[in-house]
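Work through the exercises below with the sequence and the model open side by side. Try each task before reading its solution.

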Amino acid sequence: MDASDLRVFEAVSRHGSMSRAAQELHTVQSNVTARIRALEEELGVSLFQRHARGVSITPAGQRILPFVGRIAKLLADARIAAQDEGSPAGTLAIGSLETTTALRLSPLLGRFAKTYPQVRLVVTTGTTRRLIDDVVACRVEGAFVAGPVSHPDLDHEVIFREELVLVTSPAVGAMEDLAGIADLKSIVFQIGCSYRQRLESLLADMGIVTSKPLEFGSLDAIVSCVSAGVGITLLPQGVVAAAHGEGRVAIHRLPPERSLVETLFVRRSDAYTSSAMAALLDMARPKPVALNSTP
């Protein structure tokens, strides 16, 4: 068993197809099939069940899949460490919440790219749950997610603090008015979004029953639907500040125990910290406020 065999295995498991994996790996299907069979013979177990639609990973395959990402990451870390002379360079793949990207990261990443032009930044967005899975599986080197986070394989640190607000159409004058709205809908990101969980908890404590949530993958789409009176949502105040200033939405403040949320940067505790990663974190970390001395 070598790294190239595991790379083939990972591609097949992700695509559920020998032929699509072969296309991604720029090889022929017969080669992929032969590599998988050889790997199965070496391990003494079946890794995939073959069927008319392609293949499905077996329980044995599921058990070894997490090791594939870790092994690939270790090899990549070894390569990066060998080439890392202390000047940020190479590819840096990170993940982020869409709200964090819109509110916080755009100026930060622009400044980082200007300061370190030799670094190729790759940023993907998703929910907190998906981003944590991506970090654990070594698909990204780290991610900005909503806290709290507790995972045995991850280190985390607080980078930003946000205030969440309930966002409604301008027609809703107060939170108490929500109880009188028939067929009230929440407009949220996909399952795994921590803001969605907080909104569901808030409404439940208020005794408000909502219809099945409307799920969107775009922040702009969520704000536009709320503005049109389709439903309500929960977002960082900074994200909706412009829409609120233009009168397109109303915001409703919440008590601190519900509104304050920390944005964490999480990464694997066993990963190599490249010069590029160290530079990004140094730029992202909150700077201490200098106190003016009085004569």
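**Exercise 1.** Find which residues Asp5 touches, leaving out residues up to four places away in sequence.

*Solution.* Start with the element: Asp5 lies in helix α1, residues 3–15. Helices here are DSSP runs of H or I with at least four residues, strands are runs of E with at least two, and both are numbered from the N terminus. Next, list the contacts, meaning heavy atoms within 4.5 Å. Asp5 touches Arg35 and Leu39. Finally, check the cover. Asp5 counts as buried because its relative accessibility is 14%. Buried means under 20% relative accessible area, exposed over 50%, and partly exposed in between, with a 1.4 Å probe and protein chains only.

This is a predicted model, in which local features need pLDDT of at least 70 and side-chain atom pairs count only at pLDDT 80 or more, while totals for chains, interfaces and linings use all residues. Residues are numbered from 1 along each chain as its sequence is written, and side-chain values use heavy atoms, with hydrogens and water left out.

**Exercise 2.** Place Ala137 in the chain and decide: is Ala137 buried, partly exposed or exposed?

*Solution.* Ala137 sits in the loop between α6 (128–136) and β5 (142–146). Its relative accessibility is 26%, so Ala137 counts as partly exposed. For a distance check, take Gly54, which is 83 residues from Ala137 along the chain. The C-alpha atoms of the two are separated by 24 Å.

**Exercise 3.** Work out how β6 (154–168) pairs with β11, β9 and β10.

*Solution.* Two strands pair if DSSP finds at least two bridges between them.

- β11 (260–268): antiparallel to β6, over nine bridges. Here Phe160 has Thr263 as its bridge partner.
- β9 (233–236): antiparallel to β6, over four bridges.
- β10 (250–252): antiparallel to β6, over three bridges. Thr168 stands opposite Ala250.

**Exercise 4.** Which residues of α11 are buried, and what covers them?

*Solution.* Helix α11 spans residues 275–284, and eight of its 10 residues are buried. They are Ser275, Ala276, Met277, Ala279, Leu280, Leu281, Met283 and Ala284. Now look at the cover. It includes the strands β3 (90–96), β4 (119–125), β5, β6 and β11, together with helix α5 (98–115).

**Exercise 5.** Which residues touch the most other members of the largest nonpolar core?

*Solution.* Define the set before counting. A nonpolar core is a set of buried Ala, Val, Leu, Ile, Met, Phe, Trp, Tyr and Cys residues joined through side-chain atoms within 4.5 Å. The largest core has 43 residues. Val145, Leu166, Tyr195, Leu235 and Val266 touch the most other members. Take Tyr195 as the example. Beyond four places in sequence, Tyr195 touches Leu97, Thr99, Ala146, Leu164, Leu234, Leu235, Pro236 and Val261. A second, separate core holds 18 residues, including Leu105, Ile159, Phe265 and Leu281. In soluble globular proteins, nonpolar side chains tend to be buried together.

**Exercise 6.** Summarise the whole chain: how many helices and strands does the chain have, and what share of residues is buried?

*Solution.* The chain has 11 helices and 11 strands. Of its 295 residues, 42% count as buried. Its C-alpha atoms fill a box of roughly 65 × 65 × 30 Å along the principal axes. Among contacts with a separation of 6 or more, 75% join residues 24 or more positions apart.
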